[in-house]
Amino acid sequence: QKDVGILAMEMYFPPTCVQQEALEAHDGASKGKYTIGLGQDCMAFCSELEDVISMSLTAVSSLLEKYKIDPKQIGRLEVGSETVIDKSKSIKTFLMTIFEECDNTDIEGVDSTNACYGGTAALFNVVNWVESNSWDGRYGLVVCTDSAVYAEGPARPTGGAAAIAMLIGPDAPIAFESKYRGSHMSHVYDFYKPNLASEYPVVDGKLSQTCYLMALDSCYKRFCAKYEKCQGKQFSMDDADYFVFHSPYNKLVQKSFARLYFMDFLRNASSVDEASKEKLAPFAALSGEESYASRDLEKTSQTVAKNLYAEKVGPTTLLPKQVGNMYTASLYAAFASLLHNKNSSLGGKRVIMFSYGSGLSSTMFSFRMREGSHPFSLSNIATVMDVAHKLESRHEVTPEKFVETMQLMEHSVKSEGVVAKIFRVSFLSGVLISEVMELYTKWVRRNKDY
Ligand code: ACO
């Protein structure tokens with residue numbers, strides 16, 4: 001198949017959010033720590049009325065409706081998530097309620113899990129399916145859905161929540177350059193969830209930052225090597241128009257881009273001008289370890305890469321700054337920001353994506369953008385996602401209300417399993433999704449007094 005990739009996208013994030021500036025004051029953090037220090041503006045979170053299943057049901061049904069896709073045309077559905085709803089039953093099976101109503105139960109695929117990387121794993125599975133001999137001519141669907149919540153402490157402002165659905169097929173406006181992929185996989189305990197009775201991860205913040213940057217270096221080297229093998233010339237940042245990063249918080253994205261710039265400097269690539277070479281020269285002899293620890297290098301490379309950052313990364317940062325870390329959906333929300341900001345000028349452009357999931361799994365890959373034709377055009381995708389409207393129609397809550405909701409959810413999580421029961425009962429008695437959702441909502445409300 002030619003130009004396999006993303007044909008259509010839809011995104012949902014909760015309407016409830018808390019301003020980082022207010023949270024900063026509430027938490028007693030120094031002024032500017034969350035907004036400038038972490039680079040975040042606002043954080044979305046699930047109230048007790050929604051979760052990863054309801055968010056993904058919304059994203060999928062809305063995508064099918066808005067692009068007028070018959071649910072029978074879906075042949076594979078994969079979900080990426082790290083929000084555990086059930087230790088065995090996949091989120092994908094909950095989504096089957098949409099397709100069973102239309103008599104389509106012939107849909108391959110289940111869930112993929114590894115921190116924030118599960119969405120990318122799901123996407124690769126579906127793209128590989130469309131490119132393979134097993135493809136039956138129908139569309140694939142990928143869903144990234146997560147609610148990122150942290151215990152009280154320094155990681156709490158780096159939460160967020162969203163679901164993104166992506167329709168996959170040939171002749172796509174967002175086409176994979178499948179030959180250029182560089183991965184780095186390793187065994188570390190930087191962020192993990194050993195306590196199954198809690199939604200909160202155990203996180204070693206500093207270690208996770210270093211692991212992220214080391215993975216980035218490694219993926220970039222491999223990506224460049226593959227590009228060079230295919231193209232017979234060196235890859236530099238000039239060969240890509242935009243860089244989209246998994247975005248736990250914006251400051252790490254700024255550091256990541258600066259790191260790639262430093263890598264280009266070390267590789268003597270054409271993207272680095274003479275003035276920047278001079279400023280970076282004192283750091284050329286640092287060992288890998290030393291270079292991750294050097295604050296001077298971090299600051300200097302961020303300064304010399306500043307203009308390029310504004311041009312190649314700036315347009316990708318809106319949603320991650322406004323919604324927060326959406327785990328599996330975070331990278332694709334950053335990409336959705338690019339579509340929102342630049343859809344009319346993206347035709348022909350190359351976009352580099354960097355996916356990172358703690359634990360750890362990471363891949364750098366590449367899209368070639370094409371204008372496409374309705375309904376699968378870049379401009380229509382931006383219209384359907386309607387990011388500006390979604391952001392405007394949110395309602396802010398106070399930090400106190402946010403904390404209260406987190407406490408409520410801590411209790412609800414302990415009674416997980418009931419959700420699955422409601423869905424199973426409703427399936428057996430043949431009720432509609434709307435009724436299932438009503439039952440589900442009632443159940444969650446009841447848990448308020450749990
Ligand atoms: N004004 C401006 N900047 C400030 C202020 C202030 N008042 N106070 C602090 N800062 C800056 C700091 O200098 C630092 O920036 P720098 O790194 O450029 O120097 C930044 O704000 C953060 O401050 P720290 O003291 O480093 O923050 P802390 O250690 O308290 O927490 C962390 C940050 C580790 C990111 C925490 O939020 C966390 O653990 N998050 C979850 C882990 C995570 O997201 N890891 C990323 C990859 S893994 C994943 O995706 C889940």
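This is a predicted model: local features need pLDDT of at least 70, side-chain atom pairs count only at pLDDT 80 or more; totals for chains, interfaces and linings use all residues.
A polar contact, as the term is used here, is a pair of N or O atoms within 3.5 Å.

**The ligand and its surroundings**

Around the ligand there are 27 residues, of which Lys33, Lys206, Lys251, Lys255 and Arg295 come nearest.

**Helices α7 and α10**

Two packed helices are described by the angle between their axes and the distance between the axes. For helix α7, which spans residues 250-266, and helix α10, which spans residues 295-304, the axes come within 8 Å and cross at roughly 85°. Angles of 65 to 115 degrees count as roughly perpendicular, and α7 and α10 are therefore roughly perpendicular to each other. On the α7 side the residues that meet the partner helix are Lys251, Gln254, Lys255, Ala258, Arg259, Tyr261 and Phe262, while α10 brings Arg295, Leu297, Glu298, Ser301, Gln302 and Val304. By class, this contact of α7 with α10 consists of five nonpolar, three polar and five charged residues. Lys251, Lys255 and Arg295, which take part in this helix contact, are also among the residues that come nearest to the ligand.

**Helices α13 and α14**

What angle do the axes of α13 and α14 make where they cross? The axes of helix α13 (residues 330-342) and helix α14 (residues 378-385) cross at roughly 110° and come within 9 Å, so that α13 and α14 are likewise roughly perpendicular to each other. Ala336, Leu339 and His340 of α13 make the contact with Leu378, Ile381, Ala382 and Met385 of α14. The residues of this contact divide into six nonpolar and one polar, with no charged residues.

**Trp135**

Trp135 is placed in the loop between α5 (118-130) and β6 (139-148). A polar atom of the Trp135 side chain lies 2.8 Å from the backbone oxygen of Arg138. When neighbours within four places in sequence are left aside, Trp135 is in contact with Gln1, Trp129, Val130 and Pro170. Val397, by contrast, is 262 residues from Trp135 along the chain, and the C-alpha atoms of these residues are separated by 46 Å.

Note on methods. Residues are numbered from 1 along each chain as its sequence is written. Side-chain values use heavy atoms; hydrogens and water are left out. Axes are lines fitted to C-alpha atoms, for helices over the stretch in contact, and angles run from 0 to 180 degrees between N-to-C directions. Helices (H or I, at least four residues) and strands (E, at least two) are DSSP runs, numbered from the N terminus. Angles under 35 degrees count as roughly parallel, over 145 as roughly antiparallel, 65 to 115 as roughly perpendicular and the rest as oblique. Contact means heavy atoms within 4.5 Å. Ala, Val, Leu, Ile, Met, Phe, Trp, Tyr, Cys and Pro count as nonpolar, Asp, Glu, Lys and Arg as charged, and the others, Gly among them, as polar. A residue is near a molecule or strand if one of its heavy atoms lies within 4 Å of it. A polar contact is a pair of N or O atoms within 3.5 Å; within protein, one must be able to donate a hydrogen and the other to accept it, and residues adjacent in sequence count only if both atoms are side-chain atoms.
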